[in-house]
Amino acid sequence: MPIDETIARYSDLAFKTAIVVYALVLVLLIWQYATARSRQVSERELVTVGGGSTPQGPGRVIEPARRPLSDRLGNMAFSVLMVAIALHVGAIVLRGFATNRFPLGNMYEFVTMATAAAVLVGVVLLREQRYRAMWAFLLVPVLILLFLAGTVLYADAAPVVPALKSFWLPVHVTIVSVGSGVFLFAGVASMLFLYRLRQPEGQESDNVLGVIARRLPDARTLDRLAYKATIIGFPLFGAGVILGAIWAEAAWGRFWGWDPKETCSFIAWVLYAAYLHARATSGWRDTKAAWINIAAFVAMLFNLFIINMVISGLHSYAGLN
C-alpha cells in the first residue's frame, strides 16, 4: 500500500515536538534542583489571642505561604512530562498508520519505540512523589537517543525491506525494543545507586553533588528499582532472542548462526543473567552487581549502534535505510 505522506508528516511533527517538550521537562527539573537548596517550608499556625480572665476571642489564623517553588516546578514538570509521552507514543502510532505496517522497520523506529518503553516504565516505577527526582537522570539518555534517532538514524516513512515482511516483525522486534527500553531504566537506576553510595543519606556533601543526592531516593531504594526493572526486562529480552531464533530458522534455515547481532544479544542476555545471580549472592549484591548491570547495558548500546551501523552481518538491514 502507498505511504500516506500527510500522516507521516504529522508523525514527524509529533516526534520533534516530543523532543522539545522532553527538553522543557528537563529544564524544569534542573530548575527544581537549583531552587531546592533554598527551599523554606511554611506551616499553618494557630495563634490564640488574649490572656488572664479576659474572654478569649477566636484564634487568629496565619495563612500559609505559597507552596515552595521547587514543589510547583516538580508538579509542573510531571504534568508536562505526560504531554511529552503522549506525543512520543502518538508519533509511533502515526508512523504505523502512515506506512500501513508495524512501525519497527529501521533503527529510527526501533529507538523511538525503546525510548517510549523506557519512559513508560518510569511512569510505573517512579509514580511515587519521592521518586520523581530520578526523571531528570532518565530523560538525559532518552533525549540523547531521540536526538540521534531524529538526525543520524532518521529514515523516511517507507515500506520495510523484503527480509522484514513477516508476521514475526511485530512479535520479535517489539519484545526486543520494549526489553531494551526497560534495560535503559535499569541501567540509569544502577548508575544512580553507585552515585548514592558515595553520597549516603544523611551524610551528603555540601557541594552541588550533595544537593543532587539529597533529592534522590536512598541507595537501597535505587538498587531495588534497578532490580525490579531488570526482572521485567530479562524475560522480555530473552523471549525476544528466542523468537528471533525461530524467525531465523524460517528465514535462513537455521536457528542460530553466531551472526554478530545474535552473538552480542546473547552476551548482553548472559550479563543480565549474571547481574540477577550476583544480586542474590552475598558479597556481590551491591557494587559488583550494579557494575555488571551497567556492563550489560553498555553491551546493549554496542549491539544497537556498533553492530547495526559498523559491523556487517545478516542483520545489516536493521541499520540505516
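The model is a predicted one, in which local features need a pLDDT of at least 70 and side-chain atom pairs count only at pLDDT 80 or more, while totals for chains, interfaces and linings use all residues. Residues are numbered from 1 along each chain as its sequence is written, and side-chain values use heavy atoms, with hydrogens and water left out.

Residues 260–278 form one of the spans that the unreviewed UniProt entry annotates as "transmembrane region", the others being 13–34, 76–98, 110–126, 133–155, 167–195, 225–248 and 290–311. The UniProt positions are given in the numbering used here, with feature names shortened, and such annotations may be inferred rather than shown by experiment. For residues 167–195 of that record, the model gives 97% helix and 0% strand, with end C-alpha atoms 43 Å apart.

The secondary structure of the chain comes to 9 helices and 2 strands, where helices (H or I, at least four residues) and strands (E, at least two) are DSSP runs numbered from the N terminus. Read from the N terminus on, the order of the elements is α-β-β-α-α-α-α-α-α-α-α. Of the 321 residues of the chain, 47% count as buried; buried means under 20% relative accessible area and exposed over 50%, with partly exposed in between, as found with a 1.4 Å probe on protein chains only. Among contacts in the chain with a separation of 6 or more, 76% join residues 24 or more positions apart, a contact being heavy atoms within 4.5 Å.

Helix H5 (residues 168–198) has 31 residues and reaches 45 Å from its first C-alpha to its last, close to the 45 Å expected at 1.5 Å a residue, the expected span being 1.5 Å times one less than the number of residues. Because 23 of its 31 residues are buried, H5 is largely enclosed by the rest of the structure. His172 is found in H5 and counts as buried, at 16% relative accessibility. Leaving out residues up to four places away in sequence, His172 touches Gly240, Leu243, Gly244 and Trp247.

Leu146 and Phe15 are 131 residues apart in sequence, and their C-alpha atoms are 8.6 Å apart in space. Leu145, also in H4, is buried at 12% relative accessibility and, with neighbours within four places left aside, is in contact with Val111, Thr115, Leu184 and Phe305. The C-alpha atoms of Leu145 and Thr115, which are 30 residues apart along the chain, are separated by 7.5 Å.

Most residues other than glycine have a negative phi. Asn100, in the loop between H2 and H3, has a positive phi near 55° and is partly exposed, with a relative accessible area of 41%. Trp258, in the loop between helix H7 (219–252) and helix H8 (260–279), likewise has a positive phi near 55°, and at 55% relative accessibility Trp258 counts as exposed.

A search of the whole structure finds 2 cavities of 30 Å³ or more. On a 1 Å grid over the protein atoms alone, a cavity is a set of points where a 1.4 Å probe fits but cannot get out, whereas a pocket is an open set with protein on both sides within 12 Å along at least five of seven lines, and lining residues have an atom within 4 Å of a point. Grid points are joined across faces, edges and corners, and a volume is the space filled by probe spheres set on the points. The largest cavity holds about 50 Å³ of space and is lined by Ser11, Ala91, Ile92, Arg95, Pro103, Tyr108, Glu109 and Thr112. The elements giving two or more residues to this lining are H2 and helix H3 (107–125).

The second largest pocket has a volume of about 220 Å³, and of its 18 lining residues the closest to the centre are Gln32, Gln129, Arg132, Ala133 and Arg215. H2 supplies the largest share of this lining, 5 residues.
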